[in-house]
Amino acid sequence: MDRTIDECIRENVLRDFLMEHRAGARAMSIFEYDQERPMQQEREAGIEKGKEQLLHRQVQKNLARGMSISEIAEVLDETEKWIREIASAVPGEQEE
């Protein structure tokens, strides 16, 4: 980071600002960098949660249509064991 700030000063990119606020600019850039990783992890966790919720809805709908656990597993390309676990959480549904 210091090397980048030095280069900007030499190349007259935000020279006056960086000379006056070097420490603050350095601290801010490190803070923003550190914030990106947790934000990305949070987005990825949200995507995974959304995929799981979608799978649960698909299992519920297919059970309501009268499909068997094995049929649902085949259609959704999941294991029967996983579909059974999801189905057991659906109120009023019996495992097959």
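Student: Which residues in H3 are buried?

Tutor: Ile69, Ile72, Ala73 and Leu76 are the buried ones in H3. These residues span an arc of only 100° around the axis, so they sit on the same side of H3. The arc is taken from the directions that run from the helix axis to the C-beta atoms. Buried means under 20% relative accessible area, exposed means over 50%, and partly exposed lies in between, with a 1.4 Å probe and protein chains only.

Student: What kind of model is this?

Tutor: It is a predicted model, where local features need pLDDT of at least 70 and side-chain atom pairs count only at pLDDT 80 or more, while totals for chains, interfaces and linings use all residues. Residues are numbered from 1 along each chain as its sequence is written, and side-chain values use heavy atoms, with hydrogens and water left out.

Student: Back to H3. Which residues are exposed on its other side?

Tutor: Glu74 and Val75 are exposed there.

Student: Why would residues a few places apart point the same way?

Tutor: An α-helix has 3.6 residues a turn, so residues three or four places apart point the same way.

Student: How many helices and strands are in the chain?

Tutor: The chain has 4 helices and 0 strands, and its elements run α-α-α-α from the N terminus on. Helices (H or I, at least four residues) and strands (E, at least two) are DSSP runs, numbered from the N terminus.

Student: At what angle do H3 and H4 pack?

Tutor: H3, residues 69-76, packs on H4, residues 80-88, at about 115°, and the axes are 9 Å apart. That makes H3 roughly perpendicular to H4. Angles of 65 to 115 degrees count as roughly perpendicular, under 35 as roughly parallel, over 145 as roughly antiparallel and the rest as oblique. The axes are lines fitted to C-alpha atoms, for helices over the stretch in contact, and angles run from 0 to 180 degrees between N-to-C directions.

Student: Which residues meet there?

Tutor: From H3, Ile69, Ser70, Ile72, Ala73 and Leu76 meet Glu80, Ile83, Arg84 and Ala87 of H4. By class, this contact of H3 with H4 has 6 nonpolar, 1 polar and 2 charged residues. Contact means heavy atoms within 4.5 Å. Nonpolar covers Ala, Val, Leu, Ile, Met, Phe, Trp, Tyr, Cys and Pro, charged covers Asp, Glu, Lys and Arg, and the others, Gly among them, are polar.

Student: And which residues of H4 are buried?

Tutor: Those are Ile83, Ile86 and Ala87. Their arc around the axis is only 100°, so they are on the same side of H4.

Student: What does Asn62 touch?

Tutor: Leaving out residues up to four places away in sequence, Asn62 touches Met67, Ile72 and Leu76. Asn62 lies in helix H2 and is buried, with a relative accessible area of 8%.

Student: New topic. Where is Asp77, and is it buried or exposed?

Tutor: Asp77 is in the loop between H3 and H4. Its relative accessibility is 70%, so Asp77 counts as exposed. Asp77 is not a glycine, yet it has a positive phi of about 55°.

Student: What about the phi of Leu14?

Tutor: Leu14 has a positive phi of about 50°, although it is not a glycine either. Leu14 is in the loop between H1 (2-10) and H2 (15-64), and is exposed at 58% relative accessible area.

Student: What share of the chain counts as buried?

Tutor: Of its 96 residues, 19% count as buried.
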